[in-house]
Structures are given as C-alpha cells and as structure tokens.
Amino acid sequence: MSAKTYGYVRVSTRGQKEDRQLMAMEEFGVPAERIVVEKQSGKDFERPVYLQLTRMLRSGDVLVVKSIDRLGRNYTEILEQWSSLTKEKGVAIVVLDMPLLDTRAERDLTGVLVADIVLQLLSYVAQTERELIRQRQAEGIAAAKEKGVRFGRARIPMPDAFEALALDWWAGRVSAVQAGKQLGVSRTTFMRRAEEWRAKRSPS
C-alpha cells in the first residue's frame, strides 16, 4: 500500500475561518479529499476528527499541519503527539509554518534529528516563558499588596440602615436573612460585614 499525505486543519468554533489553512494545504499539494477540517475549540482538546485521522494513519504516511499548535494545546501535548506519530506509528510530520519541522523519509537522518532538536527547543522556550510570566505576575501582585492594592471583587457598600440592623441582629431582634433582604445583600454578606463592624467597635 502506497503512502498517503493527509492535511489536518483545526479552527475554533468561535467564528474562525479555515481558508488560510486550506489554501496552505492545497499549495503544498495535499489532495482535497485527504484534508480533514475540525471546528473545535482547543480548550478541552476533545478532537474526534483528529483522533479518527490518527487511527487511519499508517507507517510512511505524511501528516501536514499549518502550525505546530494544531497538534496540541500546549507543548507537553505537542511533544506527546509528535513522539507517538513519528516514533511509534512511523508517520512523517510536516509543519508548513516552520520548514525545519519536516520528518519526511526523503530527508536524511540529520534533518530528522534537527526537527527533533527544534521541537525540544521550542518546548523549552515556551515552558521558560510561561514560568517567567507566572513569576512576573507573582512579583507584581506582591508589590501591589505592599502598596495596599486590594485584589478581588470590590466590597459592596452598606446602606445607612446597616448599623441599626447590625445592632438589632446582635441583640436578636432580627434575623440575618431579614437584615440581608432589607439591605439588598445575601445573608452571608450581612453576617460577615456585621462581624467586621462589631470587631472594629470592640475595644482591643
């Protein structure tokens, strides 16, 4: 059985168009009947069309994608797919946006090795970038907290009747549910604010 070339196109269901990916596949020479299109968000990565395609692929076949992120939602998944397809199934992968990522049989061993190295390097860079972003976010949050910046939702301002209702609640003259309804807040919000208010009034 002769080797076949397939193209995989994925677009988000949120109005993205597949035209550019399809055009790139056709320019590369992928037969139209072997281009599969999946309109599926990468969030959950449940891609039935992609999974069905990978089951069809045989050793010697070629899988063409426009960009490396078509293979996974992060570089861990991309590396897993890359290894599964190229090493376990013997499928060649061509990434159109990155010519170095091409493992077709006509390329020599050095070319295949370069593709693996490039992919590993991309994975390392992406992981390092994610860690730097998290570090900067943590440092920014810590610096902002030192300056007194509060995070989270803004506190709900209490109406003028709050203090009187808080006193009535503490005295048992009104329930937290009743007080909350009168103030237009939930029972838990009223109770928390009433506790805070009483703590501030109590002598240390």
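**Strand pairing, cores and salt bridges in a predicted model**

Y6 stands opposite L63 in β3. The model is a predicted one, in which local features need pLDDT of at least 70 and side-chain atom pairs count only at pLDDT 80 or more, while totals for chains, interfaces and linings use all residues. Residues are numbered from 1 along each chain as its sequence is written, and side-chain values use heavy atoms, with hydrogens and water left out.

The protein contains seven helices and four strands. Helices (H or I, at least four residues) and strands (E, at least two) are DSSP runs, numbered from the N terminus. Along the sequence, these elements follow the pattern β-α-β-α-β-α-β-α-α-α-α.

Strand β1 pairs with two strands named here. With β3, β1 pairs in the parallel sense over four bridges. With strand β2 (residues 35-39), β1 also pairs in the parallel sense, over five bridges. Pairing requires that DSSP find at least two bridges between two strands. Y8 has V36 in β2 as its bridge partner. Strand β1 (residues 5-11) is largely enclosed by the rest of the structure, because six of its seven residues are buried. Buried means under 20% relative accessible area, exposed over 50%, and partly exposed in between (1.4 Å probe, protein chains only).

Of the 204 residues of the protein, 34% count as buried. The protein exposes about 13500 Å², and carbon and sulfur atoms supply 52% of this area. Accessible areas come from the Shrake-Rupley method with a 1.4 Å probe; for residues, only the protein chains shown count as cover. Among contacts between residues at least 6 apart in sequence, 60% join residues at least 24 apart. A contact means heavy atoms within 4.5 Å.

Helix α1 (residues 19-28) has Q21, A24 and M25 as its buried residues. Seen down the axis of α1, these residues fall within an arc of 100°, so they line one face of the helix. The arc is that of the directions from the helix axis to the C-beta atoms. The buried residues of α1 pack against β1, β2 and β3. The face turned away from the buried side of α1 carries the exposed residues R20, E26 and E27. Just after α1, G29 takes a positive phi of about 105°.

In soluble globular proteins, nonpolar side chains tend to be buried together. The largest nonpolar core here has 20 residues, of which L63, I68, L71, W82 and L101 touch the most other members. At least two residues of this core come from each of β1, α2 (48-56), β3, α3, β4 and α4. Helix α3 gives the most, with four residues. A second, separate core of 13 residues includes M158, F162, L183 and V185. A nonpolar core is a set of buried Ala, Val, Leu, Ile, Met, Phe, Trp, Tyr and Cys residues joined through side-chain atoms within 4.5 Å. Leaving aside neighbours within four places in sequence, W82 is in contact with I68, L71, K87, I93, V95, L101, T103, A115, D116 and L119.

Side chains of opposite charge can pair when their charged atoms come close. The structure holds five salt bridges. A salt bridge is a side-chain nitrogen of Lys or Arg within 4 Å of a carboxyl oxygen of Asp or Glu. One of them joins K66 to D97, with the closest N and O atoms 2.7 Å apart. This pair links distant parts of the chain, 31 residues apart: K66 lies in the loop between β3 (62-65) and α3 (75-88), and D97 in the loop between β4 (92-95) and α4 (109-146). K66 counts as buried, at 17% relative accessibility. D97 counts as partly exposed, at 45%.

R70 and D69 also meet through their side chains in a salt bridge (3.0 Å, N to O). R70 is buried, with a relative accessible area of 12%, whereas D69 is partly exposed at 34% relative accessibility. A further salt bridge brings together the side chains of E196 and R193 (3.9 Å, N to O). E196 and R193 are separated by about one helical turn because they are three residues apart in helix α7 (residues 187-201). E196 counts as partly exposed, at 28% relative accessibility. R193 counts as buried, at 13%.
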